[in-house]
Amino acid sequence: MVKNNNNLLADMKTPANGQAHALSNGNGVVPTTTTTTTTITAAPTAAAAATTTMAANSWRQTLWNWWDTFADVAWFIICCIGYILQDLYYIAFGYPEKELGTDIALITGGGNGLGRLLAERLGKMGTKVVIWDINKKGIAETVEIVQEAGGYCKGYVVDISRKEEVYKAADVIRAEVGDVTLLINNAGVVSGLHLLDTPDHLIERSFNVNVMAHFWTTKAFLPKMIEKERGHIATIASLAGHVGISKLVDYCASKFAAVGFDEALRLELDVLGHTNIQTTCICPFFIQATGMFDDVNARWVPTLNPNEVADRVIVAIKKNEKLAIIPGFLKFMLSLKWTFPWGCVGGLLRRLVPDAAPHGVATTSPLPAKAANGSILAGANIVNSSSPQLATDTATATTTTIATPTAAAITADTQADIAALDAELSSVTLPAKSPSLLIQRTPSLGERVL
């Protein structure tokens, strides 16, 4: 079959509109089915337009992100300038102070020491004071002192290291007194030993009382504070929560945690919008005459008067201060910690506090006598001292001397605790290079057992 080429040239030409016609048959008749490139050319055009739109949107988003960041930084700087100017104004003309007369205050470790001094001052202001302690005698004495001065005070025996007791006691307070609006986490303990000489249970106790208890008390009372849009949580920490001290490894670690607890809680409340709930962290130096570290070997910085510390704590709470360093000039010294090399910082700390517990915890009563093997003799006078603490922490038990020097005067629980501790201390392997501090020095609170 021979193909007719009459229309070959015309069939090979492309029409001006860009459409290609199919070749006709030999008779010049064009088939009814035709193919166009309209759809084919439209697809790339749409894809290019989409790409252009995405690029434009991406560029606009990038510009917006940059602008948002710039605006946020600029607003942050403006706010910082405002806060600085506000602080300068308050320094020049005085900080505003709130009244505490309508508050219900809970003070942990209120059986003696700083806790008792705080209870006295709050009671005189008209604040309803509730104290928690583990010693009935100390509680009774504090309640009597506050009530004699015309204040309101109730005391409860509570071991704050046990969260079940905390939650149960919190329910009792709500039912008998009301909702707590001022929480002062004041109780604390210390062992005063080198780390390797410190029994494990004393390390656990340091953390349970010095920081874990803050979680339990805060969780017990914070919900009602949020509900009423009113509240204040004060943490009695320590300068040992900012610097490390020899013989206070467990204590410093727990106080670092307490300082972090206060700061993180404050920020979280701010983020959640609970700006009516205030927090204050108190960080003092060593305090005199509290039965804690009365014989501390400290240089260059004088130990603090407990009454002055109590007054400073009340002022800090009334002014809603966030951090109170006592004495104040140490705040400048703390800033140097992050500036100078460790050799400078470590040298300063060693000279500032050569020995935090040179002879153990100071006491005013005869110490337990010991046999040659270090065991405690039953016939000795036993002292149940208040929990010693660095920097204003009051004890969770007040000093109680058992007058009759017989084993019958000691409770069964105390005897069991002493026996268990004596067995544990007997198993301690002493360093070869020097005798253990557990034998050489005056027994600390932990050795005597609360």
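These legends describe close-up views of aromatic pairs, charges over rings and a pocket in a predicted model.

Residues are numbered from 1 along each chain as its sequence is written. In this predicted model, local features need pLDDT of at least 70 and side-chain atom pairs count only at pLDDT 80 or more, while totals for chains, interfaces and linings use all residues, and side-chain values use heavy atoms, with hydrogens and water left out.

View 1. The structure holds six aromatic pairs (rings of Phe, Tyr and Trp, the latter by its six-membered ring, with centres within 6.5 Å; planes under 30 degrees apart are stacked, over 60 edge-to-face, the rest tilted). Trp 67 and Phe 70 form a tilted pair, because their ring centres lie 5.8 Å apart and their planes meet at 35°. Helices (H or I, at least four residues) and strands (E, at least two) are DSSP runs, numbered from the N terminus. Phe 70 counts as exposed, at 53% relative accessibility (buried is under 20% relative accessible area, exposed over 50%, partly exposed in between; 1.4 Å probe, protein chains only).

View 2. Trp 132 and Phe 221 are tilted, with 6.0 Å centre to centre and 45° between the planes. Trp 132 is buried, at 1% relative accessible area. Phe 221 is buried too, at 2%.

**View 3. A cluster of rings.** Tyr 89, Tyr 90, Phe 93 and Tyr 95 are linked by ring pairs.

**View 4. Lysines over ring faces.** Lys 128 lies over the face of Tyr 152, 5.5 Å from the ring centre. Lys 163 lies over the face of Trp 216, also at 5.5 Å from the ring centre. The criterion is NZ of Lys or CZ of Arg within 6 Å of the ring centre and within 35 degrees of the ring normal.

**View 5. The largest pocket.** Its volume is about 1,300 Å³ (the space filled by probe spheres set on grid points, joined across faces, edges and corners). A pocket is an open set of points on a 1 Å grid over the protein atoms alone, where a 1.4 Å probe fits, with protein on both sides within 12 Å along at least five of seven lines; lining residues have an atom within 4 Å of a point. Of the 31 lining residues, the closest to the centre are Arg 266, Asn 320, Glu 321, Lys 322 and Leu 323. Helix α7 gives the largest share of the lining, seven residues.
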